[in-house]
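Me: I am new to this structure. Please take me through it one feature at a time, with the general idea before the case.

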Amino acid sequence: MRLGVVVFPGSNCEQDVVYAARHLGFAAEYVWHGDTDLSGLDAIVLPGGFSYGDYLRCGAVARFSPVMNEVVRFAERGGPVMGICNGFQILTEAHLLPGALLRNVGLKFICHAQPLRVEPSVCQWLDLPAETVMSVPVNHNEGNYVCDADTLERLRDGGQIVLRYCEPDGSRLAEGSAPNGALDDIAGICNERGNVFGLMPHPERVVDSACGGTDGRAFFESMARILVEAAS
Amino acid sequence: MARYEILVTYKKGIFDPPGATAQRALVNLGYAEVADVKIGKYIQLELEGPDATLERVTEMCDKLLANPVIEDYRIEQVGEA
């Protein structure tokens, strides 16, 4: 697997993603936001950070970077794209994923290890069994996912809800108690085809047992397996 | 030169955490009559040349200045600057 990690002005997690991929034995390279050539890349990651200072709305300006036209084309051809945190916000602004991410309900920047529950989904970036519980750090101010009622129904029916915030034992949170206020406790969603995936937590930070956990490996390894299967 | 003012607010039904916090703070200050507060954005544009049209400003709002998924906007032309 050859991963392209897009660097916008203000991205600050691109090195972590490249480190994570290389640590797991995959090739990874940086893609500058002004670049328009994604050839040779198997999958694209939009990393976390504060692209363009989060001015106007998180991800609103990054969405119009030259590289994003290519990312949209790549995604439309079925190419795998994962947006982490600010990357998720960029994917919603680019309309590659539905809904939007608002300010956290408590108005607090949240930063902690967060229990997540794997939902049965069509997502290509995660082939773990449903109800697997993992612990992955969250680190954001605007992770409060919202969408309209029709979209939520489509997400539920289409297996597009990939991850939910949950209790440490995997049970559902009391209604309305997601750490950022996210609708239906949504931590990550994918598009109908499952190739475009956005999530607020940071899997790249938990791939090395020296750094507090390895639950984040599954995302990179699932994608690598799918790419190998597709090539054979 | 034409000057436009744009007000961007959350759509009905979208919870506005800063607005809700300000509402609670006002009630705590003794303004019990405050039932709701919505906080939005104010944007001022100055346009020059033959393309300085309302149509173009609307396009700018739809494309960048507002997110139609969560926000409504109102444009006012406030005269020649």
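Me: How many residues of strand β10 (residues 186-190) of chain A are buried?

Reply: Some ground rules come with the answer. This is a predicted model, where local features need pLDDT of at least 70, side-chain atom pairs count only at pLDDT 80 or more, and totals for chains, interfaces and linings use all residues. Residues are numbered from 1 along each chain as its sequence is written, while chains are lettered from A and ligands numbered from 1 in the order in which they are written. Strands (E, at least two residues) and helices (H or I, at least four) are DSSP runs, numbered from the N terminus. A residue is buried if 20 or more other C-beta atoms lie within 10 Å of its own, exposed if 12 or fewer, and partly exposed in between; C-beta atoms are placed from the backbone. In β10(A), five of the five residues are buried.

Me: Which strands pair with β10(A)?

Reply: Strands of a sheet pair through backbone hydrogen bonds, either parallel or antiparallel. Here, two strands pair if DSSP finds at least two bridges between them. Strand β9 (residues 161-165) of chain A joins β10(A) through three antiparallel bridges. A:Arg164 stands opposite A:Ile186. Strand β11 (residues 196-199) of chain A is also antiparallel to β10(A), again with three bridges. There, A:Ile189 has A:Gly198 as its bridge partner. Five residues lie between the strands of the β10(A)-β11(A) hairpin, where A:Gly194 takes a positive phi near 85°.

Me: Which residues of helix α1 (residues 14-23) of chain A are buried?

Reply: An α-helix has 3.6 residues a turn, so residues three or four places apart point the same way. In α1(A), the buried residues are A:Glu14, A:Asp16, A:Val17, A:Val18, A:Ala20 and A:Ala21. Their cover includes β1 (2-7), β2 (27-32), β3 (43-46) and α5 (217-231) of chain A. Just after α1(A), A:Gly25 has a positive phi of about 95°.

Me: What pattern does chain B follow along the sequence?

Reply: The pattern of chain B is β-α-β-α-β. That gives two helices and three strands. The radius of gyration, taken over C-alpha atoms, compares a chain with the globule rule, 2.2 Å times the number of residues to the power 0.38. For the 81 residues of chain B the rule gives 12 Å, but the value is 16 Å, well over it, so the chain is more spread out than a compact globule. Its C-alpha atoms fill a box of roughly 50 × 25 × 15 Å along the principal axes. Of its residues, 11% count as buried.

Me: In what order do the strands of the chain B sheet lie?

Reply: The open sheet has the order β2-β1-β3, with antiparallel pairing. β2 (41-47) and β3 (71-80) of chain B are at the edges with a single partner strand each, so one side of each has no neighbour in the sheet. Strand β1 (residues 2-10) of chain B pairs with β2(B) over seven bridges. B:Leu7 has B:Tyr42 in β2(B) as its bridge partner.

Me: How many residues does each chain bring to the contact?

Reply: Two residues are in contact if their C-beta atoms, placed from the backbone, lie within 7 Å. Chain A brings eleven residues and chain B eight.
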